[in-house]
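This report goes through one structure part by part. Please look at the sequence and the structure first, then read on.

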Amino acid sequence: MKRAEGRPPSRAGHEDRRRAILEAALEVFAERGYQGATIAIVAERVGLSQQGVLHYFPNKQTLLANVLALRDQNDLDVLLATAQGSATTLDFLAELVERNAERPGIVQSFTVLAAESVTQDHPARDYFVDRYAQARTMLTAMLERDLGGEPPRGVSQQDAATLLIAVLDGLQQQWLLSPDEVDMPALLRKFLQLIRPVTDAAD
């Protein structure tokens, strides 16, 4: 049932409705990818008109940027839970890639929007600038925690984190283009093994 859209929701109601839109959009983008997803489909899923959705998110690009932020938060919640257990955070990274392999629509949408965001004045540009900055900081901490010491050949942990992001994004793009030829989770695990033995041998 659709809510009467002429009456503004309370702040709590506003946040609940916003979250419901994002949850519905996450499903739609995962199922249909960026091109196939529309504001109309999301609106139908959440029981609003298109104008009702646009009240919260002015266009599809902004909606997707917020969906990706929600996905990041969900993944971060899993990371924090994993960090309390015995698995290393780099092991979590490999598990996260396995999860992504099961939701190609979201991965496709992320890849498309990330590429588009390099242009000036793109609505998702600030999101991706901040996201990559946060990812570099987080991965640097993960490398320091799991590997200790400096990576080989004088590469700093910060530089290693940047390179690891490049590997992750590059694997995603190749996997999207050739999913039967590129085993994204397996290849990431192999790459991580190129990092780990260096520290082990030095112990």
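## Salt bridges

The model shown here is predicted. The structure holds seven salt bridges in all. One of them joins R45 and E27, whose closest N and O atoms are 3.5 Å apart. The two residues are 18 residues apart and belong to distant parts of the chain, with R45 in helix 2 (residues 39–46) and E27 in helix 1 (residues 11–36). R45 is partly exposed, at a relative accessible area of 38%, and E27 is also partly exposed, at 44%.

A second bridge is formed by D72 and R131, with 2.8 Å between the closest N and O atoms. D72 lies in helix 4 (residues 60–83) and R131 in helix 7 (residues 125–147), so this bridge ties together parts that are 59 residues apart in sequence. Are these two side chains buried or exposed? D72 has a relative accessible area of 19% and is buried. R131 has a relative accessibility of 19% and therefore counts as buried, since the cut-off for buried is under 20%.

Because R189 lies in helix 9 (residues 184–202) and E98 in helix 5 (residues 89–100), the pair ties together parts that are 91 residues apart in sequence. R189 counts as partly exposed at 32% relative accessibility, and E98 counts as partly exposed at 34%.

Some bridges share partners: E27, E31 and R45 are joined in this way into one network. R45 and E27 are the pair already described, with 3.5 Å between their closest N and O atoms.

## Aromatic pairs

A pair of aromatic rings is described by the distance of the centres and the angle of the planes. In this structure the count comes to four aromatic pairs. F29 and Y34 form a stacked pair, with 6.4 Å from centre to centre and 10 degrees between the planes. Both F29 and Y34 are buried.

Why is the pair of Y127 and F128 edge-to-face? The ring centres of Y127 and F128 are 4.9 Å apart and the planes stand at 80 degrees, so the pair is edge-to-face, the cut-off for this class being over 60 degrees. Y127 counts as buried at 17% relative accessibility, and F128 counts as buried at 2%. Ring pairs also link Y127 and F128 with F110 and Y132 into a cluster.

## Helix 6 and its contacts

Helix 6 (residues 104–116) packs against helix 8 (residues 157–177) at an angle of about 120 degrees, and the two axes are 10 Å apart. The crossing of helix 6 past helix 8 is left-handed. Which residues meet in this contact? From helix 6 come P104, V107, Q108, F110 and T111, and from helix 8 come D169, Q172, W175 and L176. Sorted by class, the contact of helix 6 with helix 8 has five nonpolar, three polar and one charged residues. F110, one of the residues in this contact, is also a member of the ring cluster with Y127, F128 and Y132.

S109 is placed in helix 6 as well. At 0% relative accessibility, S109 counts as buried. Apart from its neighbours within four places in sequence, S109 is in contact with F29, G33, Y34 and L64.

Which residues of helix 2 are buried? The buried residues there are I39, I41, V42, A43 and V46. After helix 2 comes G47, which has a positive phi near 80 degrees.

D121 also has a positive phi, of about 65 degrees, although D121 is not a glycine. The loop between helix 6 and helix 7 is where D121 is found. D121 counts as exposed, with a relative accessibility of 77%.

Technical notes: Residues numbered from 1 in each chain as written. Predicted model: local features only at pLDDT ≥ 70, side-chain atom pairs only at ≥ 80, totals over all residues. Heavy atoms only, no water. Axes fitted to C-alpha atoms, helices over the stretch in contact; angles between N-to-C directions. Helix = DSSP H or I, 4+ residues; strand = E, 2+ residues; numbered from the N terminus. Left-handed = near helix turned anticlockwise from the far one by under 90°. Contact = heavy atoms within 4.5 Å. Nonpolar A, V, L, I, M, F, W, Y, C, P; charged D, E, K, R; others polar. Salt bridge = Lys/Arg side-chain N within 4 Å of Asp/Glu carboxyl O. Buried < 20%, exposed > 50% of the residue type's maximum accessible area, 1.4 Å probe, protein only. Phe/Tyr/Trp six-rings, centres within 6.5 Å; stacked < 30°, edge-to-face > 60°.
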